[in-house]
Amino acid sequence: MAMPLAKYKRIISIIKSSTSRDCLDEILKQYPGVTYNTLVSIYSQEYQKKIKKEFHRHHFSETMENYYQRYLAMINQEYQSSILQTIANEVDLSAYLLARIIVEKHLSRLYHNGNSPPRTAVTNAMKDTTLLQDNRLAREVEQCILNDSNYGPLIENVKHSIGLEYEYILREKLNNLALAFLDENDMRLQGYDKTPDIKLEVPIAVNGDIVNWVESKASFGDEHSHAMYMKDQYYSYLNRFGPGMVIYWFGFIKELNLDSQPGILIVDSFPAEIITLKTCRDHDIN
C-alpha cells in the first residue's frame, strides 16, 4: 500500500512511545487497513535507526565496564533468571548487543590481560560459546541470540530468507508473463558489479513509464531507507540501464513517488497491467 506520510508519522509516534513490538497489535486496531507485515517492517526499520543513534552511548569504556560488573554481581547473588536479558531491558538495549559487550569484557580478562580483544574473537565466541569457558555465560549468550526478536544473526537470516522468497515470487511472475530477463547471477557472469534483481531483456511500460529493470525490496519504503537505496543502488541502475521500477512489497510512503528521481517508479507489487512490445505489435496489426 502507498501510505500517506501523515499516517506513517502517527504510526512512528506510537512505536517510539512503546518499549516493545507489542504496540503493533494496538496499531493494527487503530489502522485495520495496514498489514501486520508492513508494521513489522516499519518497526524493524525504526529499531535499526535507534540502535545506530544510541550505539556509542552504550559503548563507552565506563558504561561497558558497568554492565559487566552488574552481570558479575548478579551472578554472585545467584540470580536465576536470564541476567543479560534483564540488564538489556533495564538499559533499553538489544539483548544481542548487550551479550556482545559482556563477551568482549569477559574475553579481555580471560585471554587478553584486560585489553580489548579483536572483533573477530568476539564474533567467534558469539558463534561458538564454548570459547567462553564459562557455562553460565554461554547459556546466557545463547538465550540472548535466540530471544532477541529485533537484532542479531537470527533476525538477519530471517530477513535474508524473506528477501529471497520475494525475489522468487518476482521471477515466477515474470516467467508466467513470458517476459525474458536476466537475474543478478546472470548479470554478474557478464561482468557487472552493481546489478538490480532483474534486468528485462525487452523493456515494458507501466502507466506510461518505461521499465528496463526491477528491484525487489521485501520491506517498507520509508524516506530514510529509500534515500539510502537511491544513493547506493538506484542511481547506479538508472545511469547504466535506464528507467526502472522498485517494488517495496510491504508498502511505501505515498509521497516518495512524488519526490522520487524521474525514471524510478515505486510500487508495492508487480503491476497487473503492463504494456509489452508484443502488446504494441498486436495492437498495430489490429
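Helices (H or I, at least four residues) and strands (E, at least two) are runs assigned by DSSP and numbered from the N terminus. The structure is a predicted model, in which local features need pLDDT of at least 70 and side-chain atom pairs count only at pLDDT 80 or more, while totals for chains, interfaces and linings use all residues. Residues are numbered from 1 along each chain as its sequence is written, and side-chain values use heavy atoms, with hydrogens and water left out.

**Overall form**

The protein holds 13 helices and 7 strands. Its radius of gyration, taken over C-alpha atoms, is 24 Å, whereas a compact globule of 286 residues would have a value near 19 Å, the globule rule being 2.2 Å times the number of residues to the power 0.38. Along the principal axes, the C-alpha atoms fill a box of roughly 85 × 45 × 30 Å. Of the 286 residues, 46% are buried, where buried means under 20% relative accessible area, exposed over 50%, and partly exposed in between (1.4 Å probe, protein chains only). Among the contacts (heavy atoms within 4.5 Å) with a separation of 6 or more, 58% join residues 24 or more positions apart.

The accessible surface comes to about 15,900 Å², and carbon and sulfur atoms account for 50% of that surface; the areas come from the Shrake-Rupley method with a 1.4 Å probe. The mean positions of the 31 positive and 37 negative charges are 3 Å apart, with Lys and Arg counted as positive, Asp and Glu as negative, and His and the chain ends not counted. Each charge is placed at NZ of Lys, CZ of Arg, CG of Asp or CD of Glu.

**Helix H9 and the residue that follows**

Helix H9 (residues 153-176) has 24 residues and reaches 35 Å from its first C-alpha to its last, close to the 34 Å expected at 1.5 Å a residue; the expected span is 1.5 Å times one less than the number of residues. The buried residues of H9 are Ile-155, Gly-163, Tyr-166, Glu-167, Leu-170 and Leu-174. What covers these buried residues includes helix H10 (184-189) together with the strands E2 (181-183), E3 (198-206), E4 (209-217) and E5 (244-248).

H9 is followed by Ala-178, whose phi is positive, and this residue lies in the loop between H9 and E2. Glu-78, in the loop between helix H4 (61-76) and helix H5 (83-91), also has a positive phi although it is not a glycine.

Leaving aside neighbours within four places in sequence, Tyr-96 is in contact with Met-126, Cys-144, Ile-145, Asp-148, Tyr-151, Gly-152 and Pro-153. With residues up to four places away likewise not counted, Lys-105 touches Met-64, Glu-65 and Tyr-68. The C-alpha atoms of Tyr-96 and Val-211, which are 115 residues apart along the chain, are separated by 41 Å.

| Residue | Relative accessible area | Class |
|---|---|---|
| Tyr-96 | 12% | buried |
| Lys-105 | 15% | buried |
| Glu-78 | 61% | exposed |
| Ala-178 | 68% | exposed |
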